[in-house]
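The sequence and the structure are shown first.

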Amino acid sequence: SRFVLCLSSAVSSEYKRVFQYEKFRKVPGFLVRAEELLVRFEQLAYFSEPTMRLRAIADEPDNRLLELAVEANAQF
């Protein structure tokens, strides 16, 4: 089977925002490693910019993931 990593600028930005949480700052080297991983993901990913807005999840930023999944025709 084949997997395709999908990202959008909104999802990438949300990851960067979450990386700044205090609980992650307590982990030595976390931010550097997480940012390096995200850069690698961005190099490998299929990028799509959803045009529709969904409001299916109470935690609003999580809706960006659903929008990306719909736009990219994700199966899971």
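## A buried glutamate

E67 has a relative accessible area of 3% and is buried, where buried means under 20% relative accessible area, exposed over 50% and partly exposed in between (1.4 Å probe, protein chains only). The model is predicted: local features need pLDDT of at least 70, side-chain atom pairs count only at pLDDT 80 or more, and totals for chains, interfaces and linings use all residues. Residues are numbered from 1 along each chain as its sequence is written, and side-chain values use heavy atoms, with hydrogens and water left out.

## The salt-bridge network

The side chain of E67 forms a salt bridge with that of R64 (2.7 Å, N to O); the term denotes a side-chain nitrogen of Lys or Arg within 4 Å of a carboxyl oxygen of Asp or Glu. Both residues belong to helix α4 (residues 62-71), where they lie 3 residues apart and are thus separated by about one helical turn. Helices (H or I, at least four residues) and strands (E, at least two) are DSSP runs, numbered from the N terminus. In general, an α-helix has 3.6 residues a turn, so residues three or four places apart point the same way.

R64, buried at 10% relative accessibility, also meets E60 in a salt bridge (2.8 Å, N to O). E60 is partly exposed at 26%, and its side chain forms a salt bridge with R55 as well (3.4 Å, N to O). R55 counts as exposed, with a relative accessibility of 66%. Through shared partners, these salt bridges join R55, E60, R64 and E67 into one network. The structure as a whole holds 6 salt bridges.

## The buried face of α4

Which residues of α4 are buried? They are N63, R64, E67 and L68. Viewed down the axis of α4, the buried residues fall within an arc of 145°, so they line one face of the helix; the arc is that of the directions from the helix axis to the C-beta atoms.

The elements that cover these buried residues include β1 (6-7) and α1 (9-19). Just after α4, N73 takes a positive phi of about 60°.

Definitions and conventions:
Contact means heavy atoms within 4.5 Å.
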